[in-house]
Amino acid sequence: MLNNLRNIVAIGIICTFTVSCQGPSNQGNADTKDSTFLLLKNLNIIDGNGAAAAAAVDLIIKNGLIAEIGKDLKADGATVVDYSNKTAIPALISGHVHIGNLKDTTTVAANYTKENILAQVKKYADYGVLDVMVMGSDRALLFENGFYDSLQNGKINGARVYSAGYGFGTPKGLPPFDLAMDNVNRPSNVEQAKQQLDNLATLKPAMIKMWVDDGGGKFPKMDSAISATIIIEAKKKGIATAAHVFYQSDAKRLIRNGLKVIAHSIRDTIIDDELIDLMKKNNVIYIPTLTLDEYAYIYGESPSWINDEFFKRSLEPGVYEMITSPGFQQKTRTSPAYSAKVKAWRTAMANLFKVYKAGVTVVMGTDSGAMPIRAQGFSEHRELELLVQAGLTPLQAITTATKNGALMLGVADKTGTIEKGKLADLIILDGDPSTDISNTKKIIRVYKAGIAVR
């Protein structure tokens, strides 16, 4: 979809996350065999295209790519790994995240360092998320000395990064300044918006992001002439635009201007047929970020996963203690906005199902990393669970997080599904997520371009 994206280079450094701290044994001496030439045996494969799992299938991986898929394959000289009774799915793609600004229990500009970015893209990869779209919160550091190129083409350990650069907000509104959003463009008129967009385009962003709503009535909305200018001018440059929206009326207006990605759920009301038709006619992508709305209220309760090690390991230091403290729980539960947040989440769930059933392209995204309570890595697996809870089948949910994400990023010819000739970006699971979506958390190994490390 995004024609301005550079091709992914089939070079990868792997990341592994082992829930049980044990993995299948290699057959053969890895010291004398080529560890980038692999024969993975007896996998149950969910390929990301929506089909049921294929049982007891072999994969040959060579030079970072899937060279062959079939039964009883042989590959002289390959390192053989037997994955009997294990399931492979494509690595996950998250269409809406933030990196760098989060550290410990803070989200401030000073946190945005190369070291912090590297730690967070490594964390995403540890959780099987190998491609992420950063929605408008990046800083100049990312684009200096080839850092962004190396992140995007897979030369650096961790998830590949696609960036919307510096997003567009309002001078006295969203996104909130206190969430390290001081580097966002905030045009006060159309001409300034054009100039800022011209400057941003020199960085070759994968997308343009803008915040248009009023934060629940607390801020002024983005002027409609400015938002239209951003969309139209970006389109002239071959760059698609994504919008942070809440209201159905805003979504309709923006799509008529040429918006391509709705970066959050519509949460003020149930989506009507007019908006559905607009989305389908204009090939709009819908990113529901259901976890964002769940996190907004859920810590006032005791969610079933609060003590899950898979969740706890994803948190920054100090966050678990913060969110489980009686004071934090009480403050969340007694907030005047608590009921409205629960209602927004329920509306988001209903709208996601309606949009999906109507045939609109849904891409998994979470807004993880925007603040401490939105855990990076865990959120993507929780989002899959919520997609299923909303009404999708597990296989449909997996496709939103693999094939559809690759389509949005314009790299579906390279990744997103398990197919011959594509990058060997895989998650090996000790369980079948097509029968229970929570099994995506039972990660044994992650392969990035065919390279794995315990």
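A polar contact is a pair of N or O atoms within 3.5 Å; within protein, one of the two must be able to donate a hydrogen and the other to accept it. Keep that idea in mind as we walk through this structure, which is a predicted model.

**A buried threonine**

Let's begin with Thr366, whose side chain is joined to the side chain of Ser368 by a polar contact of 2.9 Å. You can find Thr366 in the loop between strand S16 (361–362) and helix H12 (378–390). Is this residue, Thr366, buried or exposed? Thr366 has a relative accessible area of 0%, so it counts as buried. Once residues up to four places away in sequence are set aside, the residues that Thr366 touches include Ser94, His96, Val97, Thr289 and Glu383.

**An asparagine in another loop**

Now look at Asn439, in the loop between strand S17 (426–429) and strand S18 (443–447). A polar atom of the Asn439 side chain lies 3.0 Å from the backbone oxygen of Asp432. Which residues does Asn439 contact, leaving aside its neighbours within four places in sequence? They are Leu429, Gly431, Asp432 and Pro433. With a relative accessible area of 7%, Asn439 is buried, because buried means under 20%.

Leu43 is buried, with a relative accessible area of 0%. Leaving out neighbours within four places in sequence, Leu43 is in contact with several residues, among them Ala54, Val57, Leu59, Tyr83 and Ile428. Asn42, at 27% relative accessibility, counts as partly exposed.

**Two helices side by side**

Two packed helices are described by the angle between their axes and the distance between the axes. Helix H5 (residues 248–257) and helix H6 (residues 273–281) pack at about 30°, and their axes are 10 Å apart. That angle makes H5 roughly parallel to H6, because angles under 35 degrees count that way. The crossing of H5 past H6 is left-handed.

Which residues meet where H5 and H6 pack? From H5 come Gln248, Ala251, Lys252, Ile255 and Arg256, while H6 brings Glu274, Leu275, Leu278 and Met279. The residues of this contact divide into 5 nonpolar, 1 polar and 3 charged.

Leu43 and Met279 are 236 residues apart in sequence, and their C-alpha atoms are 38 Å apart in space.

**Backbone details to look for**

| Residue | Phi | Relative accessibility |
|---|---|---|
| Asn42 | near 65° | 27% |
| Asn283 | about 55° | 56% |

Asn283 is not a glycine, yet its phi is positive; Asn42, too, is a residue other than glycine with a positive value. Where is Asn283? Its place is in the loop between H6 and strand S15 (285–286). At 56% relative accessibility, Asn283 counts as exposed, because the cut-off for that word is over 50%.

Leu174 and Pro175 are joined by a cis peptide bond, with omega at about -5°. Pro175 is found in the loop between strand S11 (160–163) and helix H3 (190–201).

Terms used
Residues are numbered from 1 along each chain as its sequence is written. This is a predicted model: local features need pLDDT of at least 70, side-chain atom pairs count only at pLDDT 80 or more; totals for chains, interfaces and linings use all residues. Side-chain values use heavy atoms; hydrogens and water are left out. Axes are lines fitted to C-alpha atoms, for helices over the stretch in contact, and angles run from 0 to 180 degrees between N-to-C directions. Helices (H or I, at least four residues) and strands (E, at least two) are DSSP runs, numbered from the N terminus. Angles under 35 degrees count as roughly parallel, over 145 as roughly antiparallel, 65 to 115 as roughly perpendicular and the rest as oblique. A crossing is left-handed if the near helix is turned anticlockwise from the far one by less than a right angle, and right-handed if clockwise. Contact means heavy atoms within 4.5 Å. Ala, Val, Leu, Ile, Met, Phe, Trp, Tyr, Cys and Pro count as nonpolar, Asp, Glu, Lys and Arg as charged, and the others, Gly among them, as polar. Buried means under 20% relative accessible area, exposed over 50%, partly exposed in between (1.4 Å probe, protein chains only).
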